[in-house]
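Hi everyone, thanks for coming. I'd like to walk you through one model today, so let me put it up on the screen.

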There are 2 protein chains.
Amino acid sequence: MKSIVAGIAILLSVQAVSAADLRTDALTQFKPIPAEAPDVKGNPFTPAKVDLGRKLFFDPRLSASQALSCNSCHNLGTGGVDAGPTSVGHGWQRGPRRAPTVLNAVFNTSQFWDGRAEDLKAQAKGPMQNPIEMNATPELVLKTLKSMPAYVDAFKQAFPGESEPLSFDNVAKAIEVFEVTLITPRSRFDQFLNGDDKALSTTEKAGLRAFMDKGCSACHNGINLGGDSYQPFGVVEKPGADILPPDDHGRFAVTKTASDQYVFRVAPLRNVALRAPYFHSGQVWGLEQAVAVMATAQLGSELTPQEIKEVTAFLGTLSGEQPKIEYPILPPRTEATPKAQ
Amino acid sequence: MKSIVAGIAILLSVQAVSAADLRTDALTQFKPIPAEAPDVKGNPFTPAKVDLGRKLFFDPRLSASQALSCNSCHNLGTGGVDAGPTSVGHGWQRGPRRAPTVLNAVFNTSQFWDGRAEDLKAQAKGPMQNPIEMNATPELVLKTLKSMPAYVDAFKQAFPGESEPLSFDNVAKAIEVFEVTLITPRSRFDQFLNGDDKALSTTEKAGLRAFMDKGCSACHNGINLGGDSYQPFGVVEKPGADILPPDDHGRFAVTKTASDQYVFRVAPLRNVALRAPYFHSGQVWGLEQAVAVMATAQLGSELTPQEIKEVTAFLGTLSGEQPKIEYPILPPRTEATPKAQ
């Protein structure tokens, strides 16, 4: 009996050491999500601004049809994305790419799959004006918002002392500040990084080890396990045209540089288990399959079925606490509010 | 000085008497919204069921496109309706009638503009299956919900002891119970009914008096100031085809009774100032104009501009406290979840 107890004690001690080693290695590549939303340079956080941004994020009257809001495609109830594979926009048009998640987007170094927006403020202006998304114009958005006294007041409170508080730039700034609050801390992975050995199961730990040792974390690293670099999709082997449609040249469309052909921003993996389907084309519906595709296309090494299961299990630990948002009561329209188009 | 004070005291006393008289008259026709949601016969309220109903109400995956939820057309941020005049449905099709508000709908004796659903449970089943709305089928809805273990559990908790908790009937029951909680108590009108003389301004009191004396309250009465009887639109004079499209025969389509030609359920007026455009056709954008149309069409008496302003001011006091709803985090889809169509 004594030797069994001693044996267990040694085993636990070995496991603790091994968990500590795993954490030490992981902390050289990953960071936990902070408990509080970070500051945004040039756009200080105030409760009035966040509240205004929340209203704007959920307000379908920012679209020409007045039927589509930011939340239509970046649904905060489903991991910050829609049901996919691509999004329904104005006139039931479909965009060419999967909606990226708005959750933890502040930790990406750029926005959109091709990184064409440098920050969330710049990003927010895109879909409002895109003819196949919200199909509005800055003029229409401002005319709409200015027609509602409660919005005029809310902009004054959110941007005090400015000569023109209700501007398109401030619409984007308010949405940015709200979106910055949409972080998902305290995932089990973060609990592990922060010192809790038991936050991950043995399988999940094996998955984390494989994720680092097999090379996934060479690109999927940092706070978001991605979102901070660009890589060609198909470093080793191009996926089929269903997954990598030949007409979508990725970052090449932004930089016009030959080496950016089929280059995309590395997908951030926080909450990835909550937001199938995967890849910019949204054509892969299972996370295990997505892991297998990545191994073949990017690493050039088939993972064993066991390794795929372990890495997938690890990815499941990246789901954090989802934001608790009170659904906003929006300013009522007036007779001066433009009608839906 | 003494006589001035006495004069003011008499004036206040006269006003108090007059307010009391107005309240006495009003209470013979109207009732305040209760502070608590009412019970639903055959569908007892439990926190688990309300929570499930909240998730279903906001879940776009109940539609074939997985892009439209109950909240798309009955937006809780804008008075329980969309931007109008009619709603965007599957494939960008437009329905023929304005979305009715879901707020306080429990106090209506029937649902839809033509009263074809006897209660909210029956109503909830309609849009899910309507080809120009959510375009789903009961089979598709059940297959979708059963593919997500968190929904399977939530139905077990909401309908304990039932042999088949996840049924289409229970989907509707959960939505009904959630919708019953969507009441807007403590409007200024209700504060007045409950004894606060100062809750209404002099103009608003004059509007309430006119609303009763001119005959509006003959149909717009009860808790919802409407919603509990059927009347022909155009009792005295038919409005133009823009407001009363000749192809929409109203309740006649339900009853096939000649006397139900162009008969509609009397519109409930709670929160009416928050939810332009007006009438089943959604073609009148201002509340003053809507009041004027009603006077001509239903009462046969032109109201003076002053009376229209007063009645409109009174209608503005019907806006109550809007429901505070936490935006739900929805169960994540699985590989078994049907794809969007």
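How many residues does the contact take from chain A and from chain B? The contact takes 40 residues from chain A and 40 residues from chain B, where contact means heavy atoms within 4.5 Å.

Before going further, a word on conventions. This is a predicted model, so local features need pLDDT of at least 70 and side-chain atom pairs count only at pLDDT 80 or more, while totals for chains, interfaces and linings use all residues. Residues are numbered from 1 along each chain as its sequence is written, chains are lettered from A and ligands numbered from 1 in the order in which they are written, and side-chain values use heavy atoms, with hydrogens and water left out.

Back to the interface. Between chain A and chain B, about 3200 Å² is buried, with carbon and sulfur atoms giving 66% of that; buried area here is the accessible area (1.4 Å probe) that two parts lose on being put together, summed over both. A:Trp92, A:Trp285 and A:Tyr327 supply 24% of what chain A buries against chain B, more than any other three residues. By class, the side of chain A that touches chain B has 21 nonpolar, 12 polar and seven charged residues. For those classes, Ala, Val, Leu, Ile, Met, Phe, Trp, Tyr, Cys and Pro count as nonpolar, Asp, Glu, Lys and Arg as charged, and the others, Gly among them, as polar.

What does the rule find across this interface in the way of salt bridges? It finds zero, a salt bridge being a side-chain nitrogen of Lys or Arg within 4 Å of a carboxyl oxygen of Asp or Glu. Polar contacts are another matter: eight residue pairs make one across the interface, both residues at pLDDT 80 or more. A polar contact is a pair of N or O atoms within 3.5 Å; within protein, one must be able to donate a hydrogen and the other to accept it, and residues adjacent in sequence count only if both atoms are side-chain atoms.

Now please find A:Arg333, in the segment after helix H12 (305-316) of chain A. Helices (H or I, at least four residues) and strands (E, at least two) are DSSP runs, numbered from the N terminus. A:Arg333 is buried yet has no salt bridge, and the nearest side chain of opposite charge, A:Asp59, is 7.9 Å away. Buried means under 20% relative accessible area, exposed over 50%, and partly exposed in between (1.4 Å probe, protein chains only); for charge, Lys and Arg count as positive and Asp and Glu as negative, with His and the chain ends not counted. What the side chain of A:Arg333 does have is a polar contact of 2.9 Å with the side chain of A:Gln66, and it reaches the backbone oxygen of A:Pro338 at 3.0 Å. Beyond neighbours within four places in sequence, the contacts of A:Arg333 include B:Ala83, B:Ala276 and B:Trp285.

Over all chains, the search finds 34 salt bridges. Take B:Arg23 and B:Asp197, whose side chains meet at 2.6 Å, N to O. That pair links distant parts of the chain, 174 residues apart: B:Arg23 sits in helix H1 (residues 2-27), and B:Asp197 in the loop between helix H8 (188-193) and helix H9 (202-213) of chain B. B:Arg23 is buried at 12% relative accessible area, and B:Asp197 is partly exposed at 25%. In chain A, salt bridges that share partners join A:Arg97, A:Asp114, A:Arg116 and A:Asp248 into one network.

Last stop, the backbone. Which peptide bond is cis in chain B? The one from B:Ala276 to B:Pro277, with omega near 0°; in chain A, the bond from A:Ala276 to A:Pro277 is cis too. B:Pro277 lies in the loop between strand E2 (263-265) and helix H11 (287-299) of chain B. B:Phe279 is in the loop between E2 and H11 as well, and has a positive phi of about 75° although it is not a glycine.
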